[in-house]
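Have your viewer ready to follow along.

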Amino acid sequence: MKFTLILGCCTAFSLLTACTTTSTTTAMQRDAYLEQFIGQSSQTIQAKLNLSSIGYQQVLLPTVDDQTLTYTVIRPVTIPMPMAQNPADIDSGSVPIQIPPRAQSYDVNLQCKIIYRLEHNIAKSVYYTGRTC
């Protein structure tokens, strides 16, 4: 019973930590933000698009050709690592080893591309490549 309670607490803590370290922008908010640029020129999009406002970091300059305006972006995410403890140690009264907070998670940068389809230099649609957008 004690093990189940401890496991439940660790899981809840991990979920709370994950929620506090990832972007708070929902997919609907992201889509709405990016779609507001449809109908505008590629120059206007490049001047006004603020990817950091939706939790992305631009890693390369945007590329433009006759048909597309492409942004390569990353979304930094901190993933918590639950620290399982041996239930026998807890029951015997052993003191758990303290691990620095930084060692309890790892950071990843999820990469994707945001692509505006252009016709006569005007954005007609936007789509994403990569599962991380």
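The sections below cover the model, its nonpolar core, its ring contacts and its salt bridges.

## About the model

This is a predicted model, in which local features need pLDDT of at least 70 and side-chain atom pairs count only at pLDDT 80 or more, while totals for chains, interfaces and linings use all residues. Residues are numbered from 1 along each chain as its sequence is written, and side-chain values use heavy atoms, with hydrogens and water left out.

## The nonpolar core

Let's start inside. A nonpolar core here is a set of buried Ala, Val, Leu, Ile, Met, Phe, Trp, Tyr and Cys residues joined through side-chain atoms within 4.5 Å. Buried means under 20% relative accessible area, exposed over 50%, and partly exposed in between, with a 1.4 Å probe and protein chains only. The largest such core has 18 residues, and those with the most contacts inside it are Leu 34, Ile 45, Leu 49, Leu 51, Tyr 71, Ile 114 and Tyr 116. Two or more residues each come from α2 (27-35), β3 (68-80), β4 (105-119) and β5 (122-129); the largest share, 4 residues, belongs to β4. These elements are DSSP runs numbered from the N terminus: helices (H or I) of at least four residues and strands (E) of at least two.

Leaving aside residues up to four places away in sequence, Leu 51 touches Leu 34, Tyr 56, Gln 58, Tyr 71, Val 73 and Ile 114, where contact means heavy atoms within 4.5 Å.

## Rings

Searching the whole structure turns up 1 aromatic pair. Rings of Phe, Tyr and Trp (its six-membered ring) pair if their centres lie within 6.5 Å; planes under 30 degrees apart are stacked, over 60 edge-to-face, and the rest tilted. Tyr 33 and Phe 37 pair edge-to-face, at 5.5 Å centre to centre with 80° between the planes. Tyr 33 counts as buried because its relative accessibility is 17%, and Phe 37 is buried at 4%.

## Charges

Arg 30 places its charged end over the ring of Tyr 128, 4.6 Å from the centre; the criterion is NZ of Lys or CZ of Arg within 6 Å of the ring centre and within 35 degrees of the ring normal. Arg 30 also forms a salt bridge with Asp 31, with the closest N and O atoms 2.9 Å apart. Arg 30 is buried at 10% relative accessibility, whereas Asp 31 is partly exposed at 23%.

How many salt bridges does a search of the whole structure find? There are 2, given a side-chain nitrogen of Lys or Arg within 4 Å of a carboxyl oxygen of Asp or Glu. One of them joins Glu 119 and Arg 117 at 2.8 Å, N to O. Glu 119 is partly exposed at 38%, and Arg 117 is partly exposed at 34%.
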